[in-house]
Amino acid sequence: MTSPMPSPEALLAEVATLRRELVKLQSEKAELELLMEMTTEYSDEVADELFDTVEATQQESEQRFEVITNTVPVPILVSRVAEDVIVYANTAAGELTGMASEALLGQGIVEFYSNAGERKRILATVDKEGHVNNWEIRGKQIGGNVFWAAVFIRPLVFNAEPGLLEVYYDLTASKEAEVEILRLQHLLQNITDSMPSALITLNPTGRVLTWNPAAERLTGQTSNRVMGRLLWTTCPNLARYRDLFEQVVKDNQVIHQHREQWAANGGSTHYEISIFPLADDLKGAVLRIDDVTERVQLEEMMFQSAKMASVGGLAAGVAHEINNPLSGLLQSAQMLQMALDIDRPRTRERLQGCGIDPLGLARYLNEQNLPEYLAGIRSTGERAARIVTDLLSFSRKSSSQFVPHDLNSLVEQILALAAADYDLKKRYDFRNLEIILELSPGLPLVICDGPQVEQVVLNLVRNAAQALTQEQKYRRERGKSAIKRGRLTLRTSLVPSGSWVRLEVEDNGPGIPEELRTRLFEPFFTTKAMGEGTGLGLWLCWTIVVERHKGRIWAEPVQSHTEAAEIESGTRFIVELPIGEA
């Protein structure tokens with residue numbers, strides 16, 4: 001069993017005792033030699049016997065000194081004060097400095113210090129205080145390798161000259177371990193700081209131990225304000241998880257909470273909460289909070305897309321079913337018009353053949369407004385047929401083929417479909433809007449995906465209708481007597497360069513603040529109330545126009561003066577599509 005390593009103080013005391021014995025013996029030997037010279041009464045035989053006895057004792061002390069210092073696995077040096085050179089080194093000292101202990105004799109100690117000034121400060125401290133304890137130095141071996149050591153120094157007399165007994169405890173391994181620990185701590189800190197998840201480490205009582213930047217962004221609290229404090233009082237919005245935290249600490253089991261919804265700033269944010277117990281002997285838990293709002297919205301969008309695909313298929317089936325009786329209705333109305341049209345010679349002949357006066361029948365029909373009713377039936381049926389045709393065209397799966405299209409026709413077709421849109425009619429009062437079409441005739445055809453461009457127009461029209469409805473509601477709530485009529489203008493033109501066709505969708509609504517216009521086309525960004533929209537409509541417009549058609553889309557404010565000298569604000573969305581192939 002290996003004996004424990006002696007303390008620096010005990011080792012220094014033992015070595016100092018041996019050196020004192022050695023010095024004493026050396027002094028006694030010198031006195032004996034002097035006495036022998038001065039006294040002739042003793043025979044040579046007696047003198048030799050006394051000298052041998054003293055020399056044997058001295059040799060025994062020197063052997064004990066070397067045995068002890070070389071056995072101890074601690075570097076020990078003896079330096080001469082005058083030149084600060086090494087006059088004795090044990091085996092461990094040679095291992096520390098990278099040289100054999102015999103080769104160290106005569107070497108200046110400062111050569112093994114990385115900083116020569118450090119050696120001067122140590123010597124000054126010895127002169128002033130008489131010793132040095134646990135002075136940490138950075139040393140260097142002859143080969144250039146670095147070592148660390150704690151120095152203990154005591155003065156002594158060595159070979160009748162002032163010297164220093166120096167003990168060096170090797171700290172290199174512990175220093176390297178400290179450096180590695182610091183590196184790992186720094187790495188761990190970088191990992192936690194770069195994570196998008198809020199990570200909060202708590203002790204068993206709920207006091208904060210660690211707090212990463214994501215936690216600061218989530219709570220608005222800096223680490224300086226929360227470290228060491230009770231989480232539930234510094235961040236009341238997290239107090240809802242206190243019971244879960246205490247359960248995790250008690251049961252040492254992980255707990256997950258999925259899709260937690262927090263209401264803030266008129267909207268809602270979804271989070272996933274995970275609480276992990278600390279491992280091994282550590283007590284406490286880690287609270288991890290992830291913002292999963294985008295994921296939830298994507299899931300909802302996928303669900304909505306699947307639902308709309310089903311609705312599209314259902315609408316197409318319903319449209320086909322409606323087409324059949326609608327065709328019969330239109331055909332019957334046309335036949336009735338032909339049968340009662342007395343201006344047709346064949347109709348007059350048939351009426352007269354049945355004994356019916358054509359002119360009398362005409363007077364009766366006109367008195368009952370039957371021709372107008374029949375015309376109304378045909379007009380309404382034809383309008384329903386157009387709606388069915390548009391619905392079939394819009395719900396039909398697109399092959400994403402880029403073919404020539406007339407932009408004006410696409411705008412007119414989507415407006416006709418929008419007029420029949422239930423939400424636009426009921427929720428946004430679309431029919432009461434003033435629709436102004438300023439379509440430039442003779443525009444060149446645009447190579448594009450027609451259904452996708454129609455989707456862009458429909459989204460812009462929907463947004464404008466909603467903005468106008470909100471403006472009307474705002475004016476009514478403010479008690480304004482003159483409720484202005486919502487106006488929606490769709491304008492097409494050829495860009496002066498001749499290589500782009502432009503579509504403008506303009507409204508006289510409340511306008512969009514400048515600070516929000518830069519974010520309009522970001523996914524999931526919306527200015528609508530909760531439940532009104534997902535923030536994907538304008539992003540989809542941008543994707544279709546910019547990414548798929550290599551076009552441009554932007555929004556700009558509009559201001560105009562009314563007849564009542566009132567300044568109207570509004571928004572104009574501009575879409576430009578290249579005339580060449582996309």
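This is a predicted model: local features need pLDDT of at least 70, side-chain atom pairs count only at pLDDT 80 or more; totals for chains, interfaces and linings use all residues.

Colleague: Where is Asn-134 found?

Modeller: Asn-134 belongs to strand 3 (residues 132-140). Its phi is also a positive value, near 55 degrees, in a residue other than glycine. With a relative accessible area of 52%, Asn-134 is exposed.

Colleague: Is Asn-212 buried or exposed?

Modeller: Asn-212 is buried, at a relative accessible area of 2%. This residue sits in the loop between strand 7 (208-211) and helix 7 (213-219). Beyond its neighbours within four places in sequence, Asn-212 is in contact with Thr-192, Asp-193, Met-195, Ser-197, Ala-198 and Leu-199.

Colleague: How should I read the nonpolar cores?

Modeller: In soluble globular proteins, nonpolar side chains tend to be buried together. In this chain, the largest nonpolar core has 34 residues, and those touching the most other members are Val-456, Leu-460, Leu-490, Leu-503, Phe-573 and Val-575. Elements giving two or more residues to this core include helix 17 (450-477), helix 19 (537-548), strand 15 (500-507) and strand 17 (567-578). Leaving out residues up to four places away in sequence, Val-456 touches Cys-541, Ile-544, Val-545 and Val-575. There is also a second, separate core of 25 residues, with Leu-202, Ala-214, Trp-262 and Ile-275 among them.

Colleague: Which residues make the nonpolar surface patch of about 250 Å²?

Modeller: That patch is made by Leu-184, Leu-187 and Ile-191. Leu-187 is placed in helix 6 (residues 172-194), and its relative accessible area of 40% makes it partly exposed.

Colleague: And what is the general idea behind salt bridges?

Modeller: Side chains of opposite charge can pair when their charged atoms come close. Here the count comes to 20 salt bridges. In one of them, Arg-121 pairs with Glu-118, with the closest N and O atoms 2.6 Å apart.

Colleague: Why are Arg-121 and Glu-118 separated by about one helical turn?

Modeller: Arg-121 and Glu-118 are about one helical turn apart because they are 3 residues apart in helix 5. Arg-121 is partly exposed at 41% relative accessibility, whereas Glu-118 is buried at 16%.

Colleague: Which parts does the pair of Arg-572 and Glu-506 tie together?

Modeller: The side chains of Arg-572 and Glu-506 form a salt bridge of 2.9 Å, N to O. Arg-572 lies in strand 17 and Glu-506 in strand 15, so the pair ties together parts 66 residues apart in sequence. Arg-572 is buried at 18% relative accessibility, and Glu-506 is buried at 12%. Both belong to a network of salt bridges that also includes Glu-438, Arg-491, Arg-502, Glu-504, Arg-552, Glu-556 and Glu-576. Within it, Arg-502 bridges to Glu-504, the closest N and O atoms being 3.8 Å apart.

Colleague: In which helix is confidence lowest, and in which is it highest?

Modeller: Confidence is lowest in helix 16 (residues 422-426), with a mean of 51, and highest in helix 5 (residues 116-129), at 93. For the chain, the mean pLDDT is 79, and 75% of residues reach 70 or more. Over residues 32-48, pLDDT stays under 50, and the model has 5 contacts there beyond four places in sequence.

Conventions:
Residues are numbered from 1 along each chain as its sequence is written. Side-chain values use heavy atoms; hydrogens and water are left out. Helices (H or I, at least four residues) and strands (E, at least two) are DSSP runs, numbered from the N terminus. Buried means under 20% relative accessible area, exposed over 50%, partly exposed in between (1.4 Å probe, protein chains only). A nonpolar core is a set of buried Ala, Val, Leu, Ile, Met, Phe, Trp, Tyr and Cys residues joined through side-chain atoms within 4.5 Å. Contact means heavy atoms within 4.5 Å. Patches are made of residues with over 30% relative accessible area and no salt bridge: like charges are joined within 9 Å, nonpolar side chains (Val, Leu, Ile, Met, Phe, Trp, Tyr) within 5 Å. Accessible areas come from the Shrake-Rupley method with a 1.4 Å probe; for residues, only the protein chains shown count as cover. A salt bridge is a side-chain nitrogen of Lys or Arg within 4 Å of a carboxyl oxygen of Asp or Glu. pLDDT is the predictor's confidence in each residue, from 0 to 100.
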